[in-house]
Amino acid sequence: MSADCLNTTFRALADPTRRAILAHLASGEASVTELAEPFKISLPAVSKHLKVLERAGLIARGRDAQWRPSRLEASPLKEVGDWVAHYRRFWEERLDCLDEYLSQLKEKERKHGRNK
Amino acid sequence: MVETSKEANVSSAAELVITRILDAPCALVFKAWTDPEHLMNWFAPKGCAMPYCKIDLRPGGVFHYCMRMTEGRDIWGIGIFREIVVPERIVYTDAFADANGNQVPPTHYGLSSSHPAETLVTVTFTEYEGKTKLTLRHSIPISVEERAGTEEGWTQMLDRLAEMLAVRKGGS
């Protein structure tokens, strides 16, 4: 796995058309022509997107030169999902602590104010 | 007062967004996040301590900190502030570091080499019915040139995708 593998995945996912292509492929493999249809973009443009997705390991393409169906690959997506899930847990916990700490601060302030 | 460094013009593709309502005024929440004396009381994960924290609160200023894990191991982090709007917004980069404040790769702490070397944290504080609405965005910075489109909620789309895949592959 390359050093900036996750970055490559994120960059590939940065484009809405590429995300839509992935969503399409989630229901099964498809050819370039089939993928171009809903987006109203040229076949070369779709091919370019597919190359980016293939380089990022998000899709695999068939060997058949005529049809070359694209297929979704799960592992890089899982890695992105894991990263997001890890940090969501981390921040939710931090924010719980912040919430608690703020209550303590306010309580101290209240007591201090009363003693004046 | 608005201070913005030039580097703040960075967009992102991967983004984690969390929103919380905190029962305290913005100024206090901002202070709790940017004053080391406050931050050291809550920023370390449960069971961990934060024995060191230095904050130079200005664009380009450094946020250098240490987290002492439960087993006694120290993990150092370093951030650079990209943007500071008192008491509304802070933007900083986050990376692993050593005790001297030099950035180190995630592998230094035994993490996988696919772990991003640097991430971007954006925290906004908005007044909300006498309380504070805090929005936290954590992302992998991607320059504007690399970004092809703006779209909210792509992580949800990703979740759906992962679910569909799990169903299709029988949960493998």
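Trainee: Of the contacts in chain A between residues at least 6 apart in sequence, what percentage join residues at least 24 apart?

Mentor: Two residues are in contact if their C-beta atoms, placed from the backbone, lie within 7 Å. In chain A the percentage asked for is 51%. This is a predicted model, in which local features need pLDDT of at least 70 and side-chain atom pairs count only at pLDDT 80 or more, while totals for chains, interfaces and linings use all residues. Residues are numbered from 1 along each chain as its sequence is written, with chains lettered from A and ligands numbered from 1 in the order in which they are written.

Trainee: Which elements does chain A have, and in what order do they run from the N terminus?

Mentor: Helices (H or I, at least four residues) and strands (E, at least two) are DSSP runs, numbered from the N terminus. Chain A has 5 helices and 2 strands, in the order α-α-α-α-β-β-α. Its radius of gyration, taken over C-alpha atoms, is 23 Å, well over the 13 Å from the globule rule (2.2 Å times the number of residues to the power 0.38) for 116 residues, so chain A is more spread out than a compact globule. Along the principal axes, its C-alpha atoms fill a box of roughly 85 × 30 × 20 Å.

Trainee: At what angle do the axes of α2 and α4 of chain A cross?

Mentor: Axes are lines fitted to C-alpha atoms, for helices over the stretch in contact, and angles run from 0 to 180 degrees between N-to-C directions. Those of α2(A) (residues 16-25) and α4(A) (residues 43-55) come within 10 Å and cross at roughly 75 degrees. That makes the pair roughly perpendicular (65 to 115 degrees). A:Thr17, A:Arg18 and A:Ile21 of α2(A) meet A:His49, A:Val52 and A:Leu53 of α4(A).

Trainee: Which residues have the most contacts inside the largest nonpolar core?

Mentor: A nonpolar core is a set of buried Ala, Val, Leu, Ile, Met, Phe, Trp, Tyr and Cys residues joined through C-beta atoms within 7 Å. The largest has 24 residues, and A:Leu102, B:Leu22, B:Val29, B:Phe81, B:Ile90, B:Tyr92 and B:Phe125 have the most contacts inside it. α5 (74-115) of chain A is one of the elements that supply at least two residues each. Apart from this core lies another, of 20 residues, including A:Leu13 and A:Ile21.

How values were computed:
A residue is buried if 20 or more other C-beta atoms lie within 10 Å of its own, exposed if 12 or fewer, and partly exposed in between; C-beta atoms are placed from the backbone. Angles under 35 degrees count as roughly parallel, over 145 as roughly antiparallel, 65 to 115 as roughly perpendicular and the rest as oblique.
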